[in-house]
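Me: I am new to reading protein structures. Could you walk me through one, feature by feature?

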Amino acid sequence: MTLLVGSLMLMAVVVTSVVLYQSYRQVERTSINHALNVARIAQRSISRNMELLSLDLDSVAWRYRHAQLHSMPVQQQLEFLLGEKVEAGYIVAQGIVNAEGTLVVGSPILEQIMPGSFSGRDFFDMARQDAATTLYISPPQSVRLERRAQVIVLSKRLVHADGNFAGIVFMVLYLDYFRQLFEAMSLEKHAVMSLYSVDGVAYMRVPYDDAFIGSVLENAPQLQKLLASTSPAEGSYFTRSLQDGVQRLYSYVRVPKTRWVVFIGQTKQTLFREWMRMLYAVLFLLAVFSTASVYLMSLLREEFFRRSKLDQQLEEQARTDKLTTLLNRRALDEGLQEAWHKCQRNQAARFAVLFADVDFFKLYNDTYGHKAGDYALVAVARCIRSAVSRHFDRAGRYGGEEFVVLLDEADAEGALHVARTIIAALQAQKIPHERSPCGRLTISIGVACLERGVHRSIEEVVKAADQALYQAKRDGRNRVVLYQAPTEVVPAAWQLSSANS
């Protein structure tokens with residue numbers, strides 16, 4: 001039955017996965033085609049307008065060579081050359097510059113936005129140096145009119161009858177043309193549309209970001225590879241945006257006869273929203289089917305695990321002190337008996353017992369209250385737990401403010417080290433105790449190690465540790481004492497200095 005259910009579930013998962021993958025690819029292809037169609041519309045609009053503007057520059061150049069031009073007054077020359085196009089929506093200014101870089105005739109606003117000689121400007125020098133360039137488009141520039149505006153300059157070369165360089169005819173164009181064009185496109189809410197040159201220079205981005213205009217593309221090898229002249233004229237790819245960190249499906253189309261590439265980025269989340277809803281619905285149905293298939297078996301397993309966990313919790317509760325979460329007296333006695341029997345079976349085995357008692361604890365309760373006393377015992381238990389790091393050692397609350405630690409396979413040196421660590425940890429807590437000579441809460445510890453031939457039962461080992469504890473109390477508290485057989489109790493050569501207390 002289990003094998004049959006498993007086979008059916010596996011078959012359902014495989015079939016569902018194939019169908020989901022095919023639908024995913026279909027959504028992806030549809031999204032790419034839609035984005036490429038929108039990009040092609042923008043591409044054709046840009047290409048057509050660049051051709052018209054190029055023809056306009058040719059028209060200005062033709063009128064400039066008119067025989068009667070130089071006999072006209074200056075204002076009439078301006079009107080004859082530039083006509084009314086200077087007032088066109090996105091054209092800021094037009095002008096003609098001679099071979100020396102001096103403005104011959106141009107829109108009056110040029111004195112404000114481009115004062116001085118034009119020699120050295122990219123759109124002038126490029127036309128002078130490269131006779132093969134038909135229409136040069138400059139990188140974005142920032143000019144100050146009634147407001148700060150981003151513009152580009154379109155320039156064409158002028159030549160004398162002998163073919164030598166005669167200057168340029170140029171036009172200053174608002175980049176808002178591209179902004180309005182992109183914003184009119186049918187895009188989803190979180191999509192972006194941008195215009196780059198093949199050199200990686202950013203011309204426009206929608207949603208609009210003024211700081212983006214004119215920036216140079218860096219740290220994007222995949223995009224730089226697509227902008228290379230050897231890449232296809234159009235295509236698509238997935239990547240994460242450098243501007244906002246959103247993963248998008250980017251589709252791109254090159255603009256003919258220019259160095260521009262139009263990009264459209266659609267967020268993956270939006271593109272696959274409907275597909276994700278279908279995915280969740282399919283997964284939900286698959287989960288319902290799986291749940292129904294294994295319902296009876298899961299009930300049995302859950303009941304088994306519930307009972308097992310409940311038994312484990314009851315066992316833990318029966319062995320744990322509720323206040324300190326250390327072992328209780330019963331669990332401690334069992335652990336001590338196990339250690340004793342182990343040593344009876346194995347003559348090489350050994351153990352040590354630490355008997356600890358909080359100093360002046362009754363006075364602490366009388367001074368600060370029983371609730372504070374409980375907090376103090378919890379702090380002591382925490383110090384003991386941190387010092388007893390081996391998993392086979394045992395630590396528990398013996399009763400009241402008394403604690404016992406069983407260290408398996410420990411000699412006197414190791415037991416003393418653990419006891420000192422506990423005392424030092426409690427001192428580091430700096431719990432105040434105004435009725436203690438030390439001024440803070442302290443603990444005394446007696447240590448006893450199993451001595452064969454001397455100890456005849458585990459009770460005698462615990463009693464020896466208790467005697468060492470009382471010796472520590474008599475010696476002034478806040479210290480550890482090691483019990484030594486047969487009757488003498490010798491203080492360990494260690495005590496926390498008052499400077500450390």
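Me: In which helix is the place of valine 14?

Reply: Before we look, here is some background: this is a predicted model, where local features need pLDDT of at least 70 and side-chain atom pairs count only at pLDDT 80 or more, while totals for chains, interfaces and linings use all residues. Residues are numbered from 1 along each chain as its sequence is written, and side-chain values use heavy atoms, with hydrogens and water left out. Helices (H or I, at least four residues) and strands (E, at least two) are DSSP runs, numbered from the N terminus. Valine 14 sits in helix H1, residues 2-64.

Me: Is valine 14 buried or exposed, or partly exposed?

Reply: Buried means under 20% relative accessible area, exposed over 50%, and partly exposed in between (1.4 Å probe, protein chains only). Valine 14 is partly exposed because its relative accessible area is 44%.

Me: Which residues form a nonpolar patch on the surface?

Reply: Like charges are joined within 9 Å, and nonpolar side chains (Val, Leu, Ile, Met, Phe, Trp, Tyr) within 5 Å. Accessible areas come from the Shrake-Rupley method with a 1.4 Å probe, and for residues only the protein chains shown count as cover. Here Leu10, Val14 and Val18 make up such a patch, with about 270 Å² of accessible area together.

Me: Which residues of helix H4 are buried, and what covers them?

Reply: In helix H4 (residues 122-129), the buried ones are Phe123, Phe124, Asp125 and Ala127. Their cover includes strand S1 (91-98), strand S4 (141-144) and strand S6 (165-174).

Me: Where is glutamine 266, and what is it in contact with?

Reply: Glutamine 266 belongs to strand S11 (residues 260-267), and it counts as buried because its relative accessibility is 5%. Contact means heavy atoms within 4.5 Å. Leaving aside neighbours within four places in sequence, the contacts of glutamine 266 include Ser31, His34, Glu188 and Arg248. A polar atom of the glutamine 266 side chain lies 3.3 Å from the backbone oxygen of serine 31.

Me: And histidine 433: buried or exposed?

Reply: Histidine 433 is buried, because its relative accessible area is 0%. You will find histidine 433 in the loop between helix H13 (412-429) and strand S15 (443-449). Beyond neighbours within four places in sequence, histidine 433 is in contact with residues including Asp359, Tyr364, Tyr368 and Arg440.

Me: How many disulfides does the structure hold?

Reply: A disulfide is a covalent bond between the sulfur atoms of two cysteines. The test is a pair of cysteine sulfur atoms within 2.5 Å, and the structure holds zero disulfides.

Me: Which peptide bond is cis?

Reply: The one from valine 206 to proline 207 is cis, with omega near 10°. Proline 207 is in the loop between strand S8 (202-206) and helix H6 (221-227).

Me: What is the phi of threonine 325, and where is that residue?

Reply: Threonine 325 has a positive phi of about 60°, although it is not a glycine. Threonine 325 lies in the loop between helix H9 (295-319) and helix H10 (329-345).

Conventions
A polar contact is a pair of N or O atoms within 3.5 Å; within protein, one must be able to donate a hydrogen and the other to accept it, and residues adjacent in sequence count only if both atoms are side-chain atoms. Patches are made of residues with over 30% relative accessible area and no salt bridge: like charges are joined within 9 Å, nonpolar side chains (Val, Leu, Ile, Met, Phe, Trp, Tyr) within 5 Å. A salt bridge is a side-chain nitrogen of Lys or Arg within 4 Å of a carboxyl oxygen of Asp or Glu.
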